[in-house]
Amino acid sequence: MNDNNTRTLLTIITEASLEGRLLPELEKLGAQGYTITDARGKGSRGARDADWDADSNIRIEVICSRAIAEAITARLQEKYYDNFAMIIFSHDVSVLRPEKF
Amino acid sequence: MNDNNTRTLLTIITEASLEGRLLPELEKLGAQGYTITDARGKGSRGARDADWDADSNIRIEVICSRAIAEAITARLQEKYYDNFAMIIFSHDVSVLRPEKF
Amino acid sequence: MNDNNTRTLLTIITEASLEGRLLPELEKLGAQGYTITDARGKGSRGARDADWDADSNIRIEVICSRAIAEAITARLQEKYYDNFAMIIFSHDVSVLRPEKF
Amino acid sequence: MIDPIILFFILGIVAGLARSELRLPAQIYDFVSILLLLSIGLKGGVELAKQPFGALAPQVLAVLLMGLSLPLVAFPVLRYLGRFKRADAASIAAHYGSVSVGTYAVAAAYMASNGVSFEEHMPLLLVILEIPAIVVGILLARGLRRDMQWGLVTHEIFAGKGIMLLLGGLVIGWVAGPEGLVPLEPLFIDLFKGILALFLLEMGLIAASRISALRYHGPFLVVFGIGMSLFSAVVGAGLGVALGLSPGGTAMLATLAASASYIAVPAAMRISVPEANPTLSLTASLGVTFPFNVLIGIPLYYEMSLRIHSAFGA
Amino acid sequence: MIDPIILFFILGIVAGLARSELRLPAQIYDFVSILLLLSIGLKGGVELAKQPFGALAPQVLAVLLMGLSLPLVAFPVLRYLGRFKRADAASIAAHYGSVSVGTYAVAAAYMASNGVSFEEHMPLLLVILEIPAIVVGILLARGLRRDMQWGLVTHEIFAGKGIMLLLGGLVIGWVAGPEGLVPLEPLFIDLFKGILALFLLEMGLIAASRISALRYHGPFLVVFGIGMSLFSAVVGAGLGVALGLSPGGTAMLATLAASASYIAVPAAMRISVPEANPTLSLTASLGVTFPFNVLIGIPLYYEMSLRIHSAFGA
Amino acid sequence: MIDPIILFFILGIVAGLARSELRLPAQIYDFVSILLLLSIGLKGGVELAKQPFGALAPQVLAVLLMGLSLPLVAFPVLRYLGRFKRADAASIAAHYGSVSVGTYAVAAAYMASNGVSFEEHMPLLLVILEIPAIVVGILLARGLRRDMQWGLVTHEIFAGKGIMLLLGGLVIGWVAGPEGLVPLEPLFIDLFKGILALFLLEMGLIAASRISALRYHGPFLVVFGIGMSLFSAVVGAGLGVALGLSPGGTAMLATLAASASYIAVPAAMRISVPEANPTLSLTASLGVTFPFNVLIGIPLYYEMSLRIHSAFGA
Ligand SMILES: Nc1ncnc2c1ncn2[C@@H]1O[C@H](COP(=O)(O)O)[C@@H](O)[C@H]1O
Ligand SMILES: Nc1ncnc2c1ncn2[C@@H]1O[C@H](COP(=O)(O)O)[C@@H](O)[C@H]1O
Ligand SMILES: Nc1ncnc2c1ncn2[C@@H]1O[C@H](COP(=O)(O)O)[C@@H](O)[C@H]1O
Ligand code: NA
Ligand code: NA
Ligand code: NA
């Protein structure tokens, strides 16, 4: 698994109600795909227990090049970080068929 | 994304019924937040299929400093590892606004 | 957390309907355990919205040695990559009780 | 005799405050909400079929006006007495100008178990009242700015689950008519009160978690949440009498006015006034006003309607 | 008068095309499907108890034959007119040779609300029709190869949720008999139509997302999806008359023939012909044939059955 | 004639052993459990309203004593005959001293379909029997240690979903009374047996997965699981006659005694005796005792109660 197989895995944890707006943005910024799981949690904006829609989180994973990861991060930070429960983190992963991502 | 942006992502996979007891402990040990997803799985304590409550897992993610990650790991290992289905693993991630974690 | 504690975390995202066939294969190839979460997403094979069974993804995590991770990757790539929605990626993690995995 | 559905709500509050593990799975809460919204829509639609649309126009208009006015009353109170930030004051005002379907359902059940009838097109007024306060709230927060994405907001409102199901139910009931709906009644009518009981159980749990948040947000929200409800109820009841509604219908309109949204408005505000803190408005709406209306308000508003009617009514 | 369950389907399509957030949680869709499958099975089982099995043998055999033949008609059309790859043509053919339980349920509701009776062992024919087309589809894709894992395929078919619940319901209904089932009726019989309405709401949403996929897969699938349904309906109606079924039963058999699978067959094809693209077959089956049958086909097939009956029937 | 709900249980077992994909989503299983617990509680509460509390005191006390004693009988058998570790023996003993709400529901349905009446305050005894065995189990595992976190255990028991809903239902039923509950009956009473059928379908699937675990845990658990049930049933039936219960009530108490917990006790043991292996107790309780009671035990215990009654009864 050499360096050519390395891509960035970007993980976004945020309010479920943003899903419909975030996904088109990710694609516009170059993401070739994404994976979503339902989540709950707690952070600086308090507990989000997923008891009902308004209180639910989603966990979005995007595998992409470092450049795209940085573009997505910058965009989301600028547009959503101030007003929405959201954290973003990333690390490198080895992938199969890196040309896909 | 330089080193100052690096934090530890600690992942705990364990029995869902522990949720209510673990979360306060994480906070007491210094975690500023956490994210939970529902999971199922198999390990040394057999299959946990999530067919019903007693058989369900949760997957808890905590982003924190390495020191806090080690404190949490040590505490959970001492208190739960012998008697509960539980695994813990960790790795470094780049985060935005590292002062949050 | 020294090198002896390092294992590979292999993540497989694929069609939920494969679950029953993949799990025995993972075990045959040496995985001592796995964790599954329900997911949805989008990739080269289109959107998979989890609206109903045929459209759902699962996210399988396996912690194992690098050798086993490579064996699993090779096997799944050969057997499923052409015909099924599937991505695989991996990275190193620090684990407790590495002899477990 | 206390209605058992109220007891389910109290059970939820008690379980929540006792930190019980009791919880309706989110998907079941969704299911139960869907059934309630469709039930209310269908029932209203059937009745709409029976009357000429034209006759309803004055009521629709009057109620629209009320939905536009209530947030204009709430906003200055919140901004200057409550010292909330502009966005927060606007958002809370919008919640109180709009309505809560759950409260409506409890009121309808209250009327049924007390044998009180009301104008059956009330669900139409419910739908109509959901919307104007949202527009006012956005304008209060933003002013008349050019860059407001009204298309997005309109989509968010009409494509939201609540309005879609209420309106869809109304139209289906209207097209299908009373006999057409008969085979659907076992699910949508007969189970209504049982489903409402489950809904209130979960609402109690949610309210309990909001009640504990009240500690942080001070007593102003409690006073506002109750005071604004009472004020709006008087406005609603007055309007009901003025429109010539029956005592039951007057009480229903008072309840609608007194109730505060916790579904449609929060979703729309998140999109259009994201800097407003949703915790504030939901704590007021779910932690104060919903329990107040369910436990105390509804019988009070009915009593009030009776009195206003005997004083001013036809 | 239009049946309200059809309006639920249309509501789903409209909400889907409007990109509404309305959605039945996947677990509720599962629940609703389980209830429908069990209802249909139980009803059929009770009726089976009333008649000698021997008498049904000819019908079972004839219907098996139909299930084997229909994909053989569809395959060359898809392969040579549609220019699909062999695997895709075989897979789509299998979908159309098999049946859709949802369509069956709508047809049964249609008959009920028009007061038309039909042979009540129809669910048995439904189960039987699910399977042969799968086998034919696999053979069309693979030929008679040695390495075909038939064990796996058989397991996939019989262990799948659909057949398990239909067959399970049939057996339970058969063993328990009419009186035994009485206490289960409030859930499985009385709620049937309401549950079907919810199911159709979600099917509308799913169909809407498939309809937008049609843009990419060209008009051939539309033509095929409607044409094949009409052709199969004629075959089914003809067979119904030949077997001496009542007009209602004939229309039901025509509907079964005209319907295309979207549960059992996709699952089985995924395992045994994985190189077939499931988007193609599901787009045809869910985006074209299901809506066509629900909105237009069923009344048409009933009309057709009446005419064939008055022309050829006993 | 075999009750169809038993057939649903068998369908679940068959599907489970055949490794079918059939599965009730976990959230639906939760929903179904919630409905059953509330139904049982509500029914019992309505009846409690009809009788003076004082009259029940002796029964409550006697049943408490039984709940304390049964684990004391089970423990030495498990520890010395079964050679289980102390914690495991204590935990299994606690499961068998407590009760299973699912088994109770099946027994209640059995009585109903055989037209046998029983003391309707039985749900109160059900709630009471849940708890003492947990305390005994903890003491057996731990002895009288100072550092036992009894507060946590108490919270775990009373805040658990099971007791909360049963007790909540009892209180609501008691306060609302028979007429108050009428509008809730379509959901909580009429659907009861259908919902129980779905519950048993999933219980069959769960039991099947436990049955396959039996291979590893040896035949002792099978023998114990059946033997202990029979012994407890005799104790329960004896107590029933001594307390002057009707034959139906005697059979219900025998069933309660014979049943083994799989919700409240496992949860409490996990917290307070975590070193006990939950696989052992759940395999016995779900893989042996639940199926035994549902398929064979309940009719047996009824028969037994009839005989004891005609021998010793008033
Ligand atoms: N330190 C953390 N570790 C893991 N997840 C977190 C952390 N902080 C926040 N989150 C997740 O991110 C969501 C939004 O965070 P926040 O904006 O800080 O409220 C929370 O609801 C959690 O699900
Ligand atoms: N090797 C593994 N890879 C991924 N997840 C695992 C692994 N081993 C255990 N798990 C997860 O951790 C839970 C508890 O593990 P255990 O304590 O080994 O039974 C299991 O139910 C799985 O969800
Ligand atoms: N770039 C990506 N990032 C994250 N997840 C992805 C990505 N591409 C694909 N996936 C996930 O993998 C599944 C199968 O991918 P594919 O085979 O490309 O359709 C998708 O449904 C997504 O859940
Ligand atoms: Na209002
Ligand atoms: Na067909
Ligand atoms: Na017992």
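Q: What makes α3(D) and α7(D) a packed pair, and at what angle do they pack?
A: In this predicted model, helix α3 (residues 53-81) of chain D packs against helix α7 (residues 132-142) of chain D at about 35 degrees, and their axes are 8 Å apart. Axes here are lines fitted to C-alpha atoms over the stretch in contact, with angles running from 0 to 180 degrees between N-to-C directions. Both helices are DSSP runs (H or I, at least four residues), while strands are E runs of at least two, numbered from the N terminus.

Q: How do you know which residues of α3(D) and α7(D) meet?
A: Contact means heavy atoms within 4.5 Å. By that test, residues including D:L64, D:L68 and D:F75 in α3(D) meet D:P132, D:A133, D:V136 and D:L140 in α7(D). The contact has nine nonpolar, one polar and no charged residues. Ala, Val, Leu, Ile, Met, Phe, Trp, Tyr, Cys and Pro count as nonpolar, Asp, Glu, Lys and Arg as charged, and the others, Gly among them, as polar.

A word on the ground rules: this is a predicted model, where local features need pLDDT of at least 70, side-chain atom pairs count only at pLDDT 80 or more, and totals for chains, interfaces and linings use all residues. Residues are numbered from 1 along each chain as its sequence is written, chains are lettered from A and ligands numbered from 1 in the order in which they are written, and side-chain values use heavy atoms, with hydrogens and water left out.

Q: Why is the site of ligand 2 called shared between chains?
A: A residue is near a molecule if one of its heavy atoms lies within 4 Å of it. Residues from chains B and C surround ligand 2, so the site is shared between chains. Among the nearest of its 20 residues are B:S44 and C:T35.

Q: What makes the approach of C:K100 to ligand 2 a polar contact?
A: A polar contact is a pair of N or O atoms within 3.5 Å. A polar side-chain atom of C:K100 lies 2.5 Å from an oxygen atom of ligand 2, and one of B:N57 lies 2.8 Å from an oxygen atom of the ligand, so both qualify.

Q: How much of ligand 2 does the protein bury?
A: Taken alone, ligand 2 exposes 480 Å², and the protein buries 99% of that. Such areas come from the Shrake-Rupley method with a 1.4 Å probe.

Q: Why is the site of ligand 3 shared?
A: Residues from chains A and C surround ligand 3, so this site too is shared between chains.

Methods:
Polar contact = N/O pair within 3.5 Å; in protein donor to acceptor, adjacent residues only side chain to side chain.
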